[in-house]
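User: Please go through this model with me and set each label that you use against its definition. I would like to know on what grounds each term is applied.

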Amino acid sequence: MFQRKNLFEKLKNDKRAEQPETEAVDSQMGVPVGDRQDKTKKVSLFVVIAVFVVLTIFNTVYTLEEDEYALVQTFGAVQIVETPGIKFKIPYVQKVYKVSKASKQFTVGYELDSDQSVYKESFMITSDYNFVNVDFYFEYQITDPVKYFYASEEPEIIVKNLAQSYIRDTVGSHGVDEVLTTGKYEIQTQIKEKLQKRLEVEDIGIQVTNAVIQDAEVPTAEVAQAFKNVEDAKQSMETAINNANADANTRIPEANAQADKIVKDAQAKKAALVAEAEGQAARFISLYEEYAKFPLITKERMFYETMEDVLPNMKIYITDGSTQTLLPLESFNTYYGSERED
């Protein structure tokens, strides 16, 4: 005990012996040790206060762009701010989370930034058991930022997984020809509708605005060449059909016009014949009525009218009953006729 006490006093005396030297060194520097420590404490306190003020200002003011939502959280309650500009909040109490209003994109089957193929996503089988590589491009928007931010942890991954599921289901229900050529619009429309209906059920605040087949091809060059040949044959067939339709569109109106002309000519001829027959019937009836009244006079008049029609075209001969004394009177008729005209 005595030894421990002596040791403590010795250490105390050594400390006192060293203190004057330190004060002397500091005195040589011109600053007392106590003043120097006070000044250091004041500077440190000022720096802490300045940092606190700057952090408070940054936690009080925030800027909202036109294409952004702001979710202001106050003790668990959430408020949506949509108007752009400089906004204020209660520092250290309110938290602000910004969500973009602009359209966002994701792809299935290839990387959007590097355009590198992702075969595990694009490799699919069709309804007729053929393999194809199909790349899709999607666009979506955040319609409800609260549900987008709080309803699920990773909403983008949910949307992409659902898109992949509906892509495989829809492509698997179509033939390879439809996937590669004629059925692209129908396939992408079905996928968009199915995906949007499912997102409405999940209610995570996201709406799909566009779904497009970016590329569709067969996995090997040999199969690609075979499909190209088939497509060329289809195009040739369509060209032949279009040419035939064009020729038919030219010939059919001409045939219709000719048929219409023939029908109209027949109708006109029919009308003329009917009119002529009706006129002759009316004339016959008129003659019969006259004949019934005056039979003898009517017979004579008909005889003379007939002779007037027949005689001018007849050649007159005088004969004694044999062909040797045949005298034509044609020249006499012509002569006497000319004299009558004179």
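Analyst: The answers below take the terms one at a time.

User: How do you know how far the model can be trusted, and on what basis are features reported?

Analyst: This is a predicted model, in which local features need pLDDT of at least 70 and side-chain atom pairs count only at pLDDT 80 or more, while totals for chains, interfaces and linings use all residues. Residues are numbered from 1 along each chain as its sequence is written, and side-chain values use heavy atoms, with hydrogens and water left out. The pLDDT is the predictor's confidence in each residue, from 0 to 100. For the protein chain its mean is 77, and 75% of the residues reach 70 or more. Over residues 1-5 the pLDDT is below 50, and this stretch has zero contacts (heavy atoms within 4.5 Å) beyond near neighbours in sequence. Residues 18-29 also stay under 50, with two contacts beyond four places in sequence. Where pLDDT is low, the predicted coordinates should not be read in detail.

User: What makes the span of helix α7 agree with expectation?

Analyst: Helices (H or I, at least four residues) and strands (E, at least two) are DSSP runs, numbered from the N terminus. The expected span is 1.5 Å times one less than the number of residues. Helix α7 covers residues 184-202, so its 19 residues should span 27 Å, and its end C-alpha atoms are 27 Å apart. For α5, the 17 residues should span 24 Å, and the separation of its end C-alpha atoms is 24 Å, which agrees.

User: Why is I187 called buried, and which other residues of α7 are buried?

Analyst: Buried means under 20% relative accessible area, exposed over 50%, and partly exposed in between (1.4 Å probe, protein chains only). I187 has a relative accessible area of 0%, so I187 is buried. Q196 is buried as well, with a value of 15%. The buried residues of α7 are I187, Q188, I191, L195, Q196 and L199. They cover an arc of only 155° around the axis, which puts them on the same side of α7; the arc is that of the directions from the helix axis to the C-beta atoms. The face turned away from this buried side carries the exposed residues Y185, K197, E200 and V201.

User: What does the buried side of α7 pack against?

Analyst: Its buried residues pack against β8 (131-142), α5 (155-171), α6 (176-182) and β9 (206-217). Leaving aside neighbours within four places in sequence, I187 is in contact with residues including F136, T170, V179 and I213. The C-alpha atoms of I187 and T170 are separated by 6.6 Å, although these residues are 17 apart along the chain. Q196, under the same exclusion of neighbours, is in contact with I206, Q207 and V208.

User: What makes a group of residues a nonpolar core, and which have the most contacts inside the largest?

Analyst: A nonpolar core is a set of buried Ala, Val, Leu, Ile, Met, Phe, Trp, Tyr and Cys residues joined through side-chain atoms within 4.5 Å. The largest has 32 residues, and those with the most contacts inside it are V132, V134, F136, F138, I167, L195 and L199. At least two residues of this core come from each of β6 (104-108), β8, α5, α6, α7 and β9. Not counting residues up to four places away in sequence, I167 touches V108, M124, F136, F138 and I191.

User: Why is the pairing of D169 and K194 called a salt bridge?

Analyst: A salt bridge is a side-chain nitrogen of Lys or Arg within 4 Å of a carboxyl oxygen of Asp or Glu. The closest N and O atoms of D169 and K194 are 3.3 Å apart, so the pair meets the definition. D169 lies in α5 and K194 in α7, so the pair ties together parts that are 25 residues apart in sequence. By this rule the count comes to nine salt bridges.

User: How do you know whether D177 and K234 are buried or partly exposed?

Analyst: D177 has 34% relative accessibility and therefore counts as partly exposed; K234, at 29%, is partly exposed too. Their side chains meet in a salt bridge of 3.6 Å, N to O. This pair links distant parts of the chain, with D177 in helix α6 and K234 in helix α8 (residues 221-293), 57 residues apart.
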